[in-house]
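Thanks for asking for a second pair of eyes on this one.

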Amino acid sequence: KDEAKAAQLFQQAMDEGDVPAINGLAICYKNGEGVEKDEVRAFELFQEAMDSGNSCATGNLGSCFQHGHGVDKDEDKAVEHYRKAIEMGDTDSKVRLGICYHRGEGVAKDETEALSLFLQAAEEGEAYALHNLGYYHEYGRGGIEVNREKAIQYYKMAADEGSRISITTMKEKHGLEYSPPAIKQNNFQVEEEKLMTLQPGDGDEVVCLIADCLSTSELEKLGRFFCSSPVPASQHNDLVRPIAAQILGLLESEGRKHPADGE
């Protein structure tokens, strides 16, 4: 891969009036591929390509606003650009807007709407939408019941579509080694993949875990469980998901009544 040559070709095509090449060159500047990294220049080029009607650049401009790349962070403008990009036909922006809804960034938090956007993008074969559907099934978000097997199915589909981070997720969280049947090209860098996918902590699992404790004694017991659990590491993740049900199961296994039923 000759990144310098690629940037040069984008520049030449841009000079000849090719609009997608403007977006391509902007990505080179954003990532420092073949040119010196310059997020401000990238932002300017994304703006130029958007003004010429490029949907991908419009979505990329939204990402710049969402994460403060080359411009002051502005979540409202990020959402505005994602909506515009979606209207122009950009699938990646459905994933990005879905993440905004999941986190409540620039919009009111709404996991049902996030799920709808992920499903729409997944129907178009978007790798990171498939990964995020895996996350929703793994943690029971958006009204979905926890289903570890289905989560892994989605992670595998995402990997098949080029999501490297899904392969890592399966290996590190589930102990599964998975190799896609065919290597699919992916132009997203590792850091960009992280911005497109949901990972543990994105849904405030720790906050939910603490909130589900209905007494100080529960919280203390939960703390002891995590700090000195005799459960093998290979089984630990399964025992603490889904959060509310597993806390109740833990208490009941020790002969404790649920606090709502009285101590």
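1. A word on the overall picture. This is a predicted model, so please read every value here as computed from that model. The protein chain holds 15 helices and zero strands. Of its 263 residues, 44% count as buried. Among the contacts that join residues at least 6 apart in sequence, 52% link residues at least 24 apart.

2. Let us begin with a helix pair, α6 and α8. Helix α6 covers residues 92–103 and helix α8 covers residues 127–139; their axes come within 10 Å and cross at roughly 25°. Angles under 35 degrees count as roughly parallel, and α6 and α8 are therefore roughly parallel to each other. The crossing of α6 past α8 is left-handed. On the α6 side the contact is made by V95, I99 and H102, while α8 brings Y128, A129, N132, Y135 and Y136. Sorted by type, the residues of this α6 and α8 contact give six nonpolar, two polar and no charged.

3. Next comes the pair α9 and α10. Helix α9 runs over residues 148–160 and helix α10 over residues 164–174, and they pack at an angle of about 145° with axes 8 Å apart. From α9, the residues R148, I152, Y155, K156, A158 and A159 meet S166, I167, T169, M170 and H174 of α10. The residues of this α9 and α10 contact fall into six nonpolar, three polar and two charged.

4. Now for a residue in α3. Is A49 buried or exposed? A49 sits in helix α3, which spans residues 39–51. Residues under 20% relative accessible area count as buried; A49 has 0% relative accessibility, so A49 is buried. Leaving out neighbours within four places in sequence, A49 is in contact with V19, I22, N23, N54 and A57. A21 is 28 residues away from A49 along the chain, and the C-alpha atoms of the two are separated by 8.6 Å.

5. Moving on to α4, look at S63. This serine is found in helix α4, and S63 is buried, with a relative accessible area of 7%. Which residues does S63 touch, not counting those up to four places away in sequence? The answer is Y82 and R96.

6. G68 lies in the loop between α4 and α5, and H69 is in the loop between α4, residues 55–67, and α5. G68 is partly exposed, at a relative accessible area of 29%, whereas H69 counts as buried at 17%. With residues up to four places away in sequence set aside, G68 touches E39 and K73, and H69 touches K30, E39, F43, C64 and L195.

7. The C-alpha atoms of G68 and A78, ten residues apart along the chain, are separated by 9.8 Å. H69 and V40 are 29 residues apart in sequence, and their C-alpha atoms are 7.4 Å apart in space.

8. H81 is buried, with a relative accessible area of 10%. Setting aside residues up to four places away in sequence, H81 touches M50, T58, L61, G62 and F65.

9. Last, the cysteines. How many disulfides are there? With a pair of cysteine sulfur atoms within 2.5 Å as the test, the count comes to zero disulfides. As a reminder, a disulfide is a covalent bond between the sulfur atoms of two cysteines. C28 is buried, with a relative accessible area of 4%, and C64 counts as buried at 1%.

Key
Residues are numbered from 1 along each chain as its sequence is written. This is a predicted model: local features need pLDDT of at least 70, side-chain atom pairs count only at pLDDT 80 or more; totals for chains, interfaces and linings use all residues. Side-chain values use heavy atoms; hydrogens and water are left out. Axes are lines fitted to C-alpha atoms, for helices over the stretch in contact, and angles run from 0 to 180 degrees between N-to-C directions. Helices (H or I, at least four residues) and strands (E, at least two) are DSSP runs, numbered from the N terminus. Angles under 35 degrees count as roughly parallel, over 145 as roughly antiparallel, 65 to 115 as roughly perpendicular and the rest as oblique. A crossing is left-handed if the near helix is turned anticlockwise from the far one by less than a right angle, and right-handed if clockwise. Contact means heavy atoms within 4.5 Å. Ala, Val, Leu, Ile, Met, Phe, Trp, Tyr, Cys and Pro count as nonpolar, Asp, Glu, Lys and Arg as charged, and the others, Gly among them, as polar. Buried means under 20% relative accessible area, exposed over 50%, partly exposed in between (1.4 Å probe, protein chains only).
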